[in-house]
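Reader: I am new to this structure. Please show me how to read its features one at a time.

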Amino acid sequence: MYSTVDVLTPKVVIGLLVGAMLPYWFPAMTMKSVGSAALKMVEESEEAAQHHPGAHGRYCETRFMQHA
């Protein structure tokens with residue numbers, strides 16, 4: 001009536017490992033994509049500050065031009 005699960009079989013061990021990794025994998029991929037998007041935004045704003053020094057106001061000039 002009841003079937004047993006043998007934890008020592010390779011398919012079960014692999015399934016357990018993959019199943020245990022999934023909750024951590026999705027947030028890791030989300031954080032990676034958010035980080036790359038934020039980096040692109042910073043690069044774009046630095047490029048805009050270099051090409052148009054007065055376009056973003058005094059804060060943009062003083063902060064980004066010091067690092068150029």
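**Surface and helices**

Author: Ile14, Val18, Leu22, Trp25, Phe26 and Met29 make a nonpolar surface patch of about 590 Å². The model is predicted: local features need pLDDT of at least 70, side-chain atom pairs count only at pLDDT 80 or more, and totals for chains, interfaces and linings use all residues. Residues are numbered from 1 along each chain as its sequence is written, and side-chain values use heavy atoms, leaving out hydrogens and water.

Reader: Which residues gather in a patch of negative charge?

Author: Asp and Glu count as negative, each placed at CG of Asp or CD of Glu. Here Glu43, Glu44, Glu46 and Glu47 gather on the surface.

Reader: How many helices and strands has the chain?

Author: Helices (H or I, at least four residues) and strands (E, at least two) are DSSP runs, numbered from the N terminus. The chain has 2 helices and 0 strands. Helix H1 (residues 10–51) holds Glu46, and Phe26 is in helix H1 too.

How values were computed
Patches are made of residues with over 30% relative accessible area and no salt bridge: like charges are joined within 9 Å, nonpolar side chains (Val, Leu, Ile, Met, Phe, Trp, Tyr) within 5 Å. Accessible areas come from the Shrake-Rupley method with a 1.4 Å probe; for residues, only the protein chains shown count as cover. A salt bridge is a side-chain nitrogen of Lys or Arg within 4 Å of a carboxyl oxygen of Asp or Glu.
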